[in-house]
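Trainee: I would like to go through this model. Where do we start?

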Amino acid sequence: MHRARRLWRRRWVMLGVALAVTALTAAWTLRQPRIYAASTSLIIDVTAPRILDGDVKEVMGEERSNYWFNKEYTGTQSEVITSRAVSSRVVDRLGLANDPGFLGLPANQDEKARVQALQGADAVGLLRARIQVMPGKDSRVMNIGVEDVDPERAALLANEVAAAYMAENQALKMRVTEEARTWLEVRRDELGREAKAGELAVYDLKKDADMLSTSLESRLSIVSERINSYNLKLTDVRTRIAAQQARVDAIHQLRKAAGDDETWAEAVPGAKDGPIQDMKMRYGEQKVACAELSERYLPEHPKLLECNRKLAVVREDLLKSLGNVVRSAELQLLEVKGEEKNLNKLLDETKAEAHLVNKKAIEYGQLQRESDDNQRRYEDVLKRLKDVELSGLLRTSNVRVLDAARPVMVPVRPHTRRNLMVGWVMGLLLGLGVALVLEFLENTVTSQADVEDVLGLAFLGVVPRMETGKEPGDRDLYVHRSPRSAVAECCRAVRTNLLFMSPDDPFKTLVVTSSGPQEGKSTTCINLGVAMAQSGNRVLLLDTDMRRPRLHRAFGVPNDFGISSLVVGEGSLDKAVKSTEVPNLFVLPCGPLPPNPAELLHTRAFKDLLRTAGEKFDRIILDSPPLNAVVDAAVLATQADGVVMVLKAGKTDRGAARSALRSLADVQARMFGAILNDVDLRQPRYGDMYLGYQGYGPTQDEPKSGVAPS
C-alpha cells in the first residue's frame, strides 16, 4: 500500500510519459504510407480432372485423401505460391524490376541514382514479402493476398500471382512429365535389349542341349524310360547271375567232395545229356568187360591190359566231357556277369545324361523366367510411356480461380486506432516504469511514510516551504509575524504532538538537530519556540551550535556573551539571556566560539546551566549542530529529555538519516520523533497527503514585512 501511494504521487509523470508516447505513436502512424490489400481466391484440388480413362495415370497424380495429407499438401502449395519462381514470373511479366513506384524509389531522383537503385533493388524479394497466403478453413479454397501502396496495383499483383502460380504449377507438372518420359524411354531401350538377349540365351541353350526338335519334357521322358528299361534288364541279369553262380558253386562243391570217384558226375546238371550218357554207357560196358577179363586172366595179361587201357581212355573222355560241362557253366556265369557290367555302364551313362538334362532344365527355366520378366517389364514400361506421352498432351490443372482480386480503397495499414491504443498502453507501462525507476532512485526523505516506514520514527508533523523576501529574519520569525499562515498552523500542530507524547511527564529540555547542514534545523527550533511561547510557556532557546551559531543573528542580539562564557564561570544567566520581540520567548546566544565545543558541552558547568535554566523557564529548546558532522548533538542528547530530528523534504538522504539515528541510539538518547521541513505543498506528490494545510495562507493572514507564505 505504501509503495502504491508513492507511485500514485508520480501519477502526473506516468500520465505525461503516456501522453508523450501516444503523441509519438500518432505522429509515427500519420507518417506511415497507406497500405492497401487485395485478395484472389483459388480452389485447389488434390488431383486434376480425369479426362483420360482411369487406367491412364498422370505422373504427379495423387489419389490419397486424409487430414494429414491435405494439410501437408496445402502447406506445400503455400510454399510454391510464395516461392521465387512464382514471383519471378510476375516480375518479368509486369516489368516490376524497372518500376520505381513498386520499388519505392523517390520520383525526383536523378537518372544515374535511379539506375543504380534499380540495379541494387530486389524486385522478386519485395514481391515475396508482400504476398500472404491464407488457406480457407475446412475447405480447399486458398486466398492469395498482396499488399501495396496503390490499390489498383495490389489487385493486379494478386491476380498475376495467382496466374503465375497456375502457370508454374503446370510447368512443374510438364517438367516432371518430360523427365519421366525421358527416363521411361531410356529404360524401354535397356529392357528391350535385355529381353532380346534373354531370348537368344534360351535359343542357345536349347541348341546346345539338342532340344530344337523335341521339347525338354520329351527329352526328360525318353531318358527316364531308358533308365527304367536298363533297371529291368539289370534286375533280370542279376537274377540269372545268382542262379548260375549257385550252379557253379554246387558243381565245384560236388567235385571237391567226390575226389577221384567219377560217379560225382551223375549229379552234375546236364550229365544226362545224350553224348555224356553214351560215354557213361561205354564207360560202364568197358568197365564190365575189364572186370570179366580180370576174373579169367591175370593182371598182366595182354587182353586185360588192353581192356584197362581202353577203360582209362573212356574214363578220361568221360571226365573231359564232365569238365566241359563245368567249364560251360562257368563260361555262362562270366557271360552273364559281363552283361551285368555292360548294363551298369549303360545305366550310369543314362543317369549322367539325365543329370545333364535336369541341369539344362534348371538353366532353361532360369533363363526362361528372366526372359519372361524382361519381356513383362518391357511391356509395362512401354505401356507407361504411352500413358505419359498421352497425359503430357493434356493441359488440365487442379487449380481454378474462384474470385479474382478487385481494388479495395480502404487501407489495411496503418491501424490508427489500434496503434493509438497500443501507444497509450505502452505509454502507461513506460510511465509506470519511469515512476518505478524514479522511486528506486529516490533516496531522500520526502513524506510521512518515509519517516515512519523507512526510518522508524514518530512523525511529528510538517513545516511547509516559506516564500520570504531577501532578509533572513523574515524566514526565522515567519511564524510570529504570520500567526495564521499554514507554516504557523503546522508548527502549532508539531507543538501539540510533542506535548501529547508524554502528557503526564512533559519534557523540559529538547534538542533539535538534523543529519546534515542546511536542513532548516535552526529555523525549526525558532518556530517551535515561537509556537510554545504563544501557548503561554516561558521558552528559552539555547544556541548550542558552537561552530556555526546563528540564533543571535535571527533575533538581532549580540553574541559577545553567552553559553561559552557561563560555562567557564563568567557572568550570570540573567545577564546572558536576551529577550526577543516574541512574548515569553528568550534566547541564550552561543557566546565566543570555544576551541573544544564537545568537551565544553560535556562539563558539569553546562549541566548546572541547564538545571538553572530549567528552574526559570518552562521549556528549553537546544539548537544543536548536525549529528553526522560533529558529536556535539550526541553529547547534548544525553543531557536533554528528548531529541527531535529535522528532515528536509527532498534533500535529507535516507542513509545519512539512518547514520544519525545510529549515533543517537549509541548514546541511548530518547527520540521524540521527526519533523519534515520545507515541504512544497504545490508539488503533486503532496496534494493529497497535506491538502488541508493549503487552506491556510495569505487569505487569512497576510505576513508582515512582505512575507509571502506558500
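Mentor: Start with residue classes: Ala, Val, Leu, Ile, Met, Phe, Trp, Tyr, Cys and Pro count as nonpolar, Asp, Glu, Lys and Arg as charged, and the others, Gly among them, as polar. This is a predicted model: local features need pLDDT of at least 70, side-chain atom pairs pLDDT 80 or more, while totals for chains, interfaces and linings use all residues. Residues are numbered from 1 along each chain, and side-chain values use heavy atoms, without hydrogens and water.

Trainee: How do the residues of the lining of the largest pocket divide?

Mentor: A pocket is an open set of 1 Å grid points where a 1.4 Å probe fits, with protein on both sides within 12 Å along at least five of seven lines; lining residues have an atom within 4 Å of a point. The largest pocket holds about 650 Å³. Gln518, Glu519, Gly520, Lys521 and Arg550 are the closest to its centre among 26 lining residues. The lining divides into eight nonpolar, seven polar and 11 charged.

Trainee: Which helix gives the largest share of that lining?

Mentor: Helices are DSSP runs (H or I, at least four residues), and strands are E runs of at least two. The largest share, three residues, comes from helix 17.

Trainee: Are helix 16 and helix 17 roughly parallel or roughly perpendicular?

Mentor: Their axes, lines fitted to C-alpha atoms over the stretch in contact, lie 9 Å apart at about 75°. Angles of 65 to 115 degrees count as roughly perpendicular. Helix 16 and helix 17 are therefore roughly perpendicular.

Methods: Grid points are joined across faces, edges and corners, and a volume is the space filled by probe spheres set on the points. Axes are lines fitted to C-alpha atoms, for helices over the stretch in contact, and angles run from 0 to 180 degrees between N-to-C directions. Angles under 35 degrees count as roughly parallel, over 145 as roughly antiparallel, 65 to 115 as roughly perpendicular and the rest as oblique.
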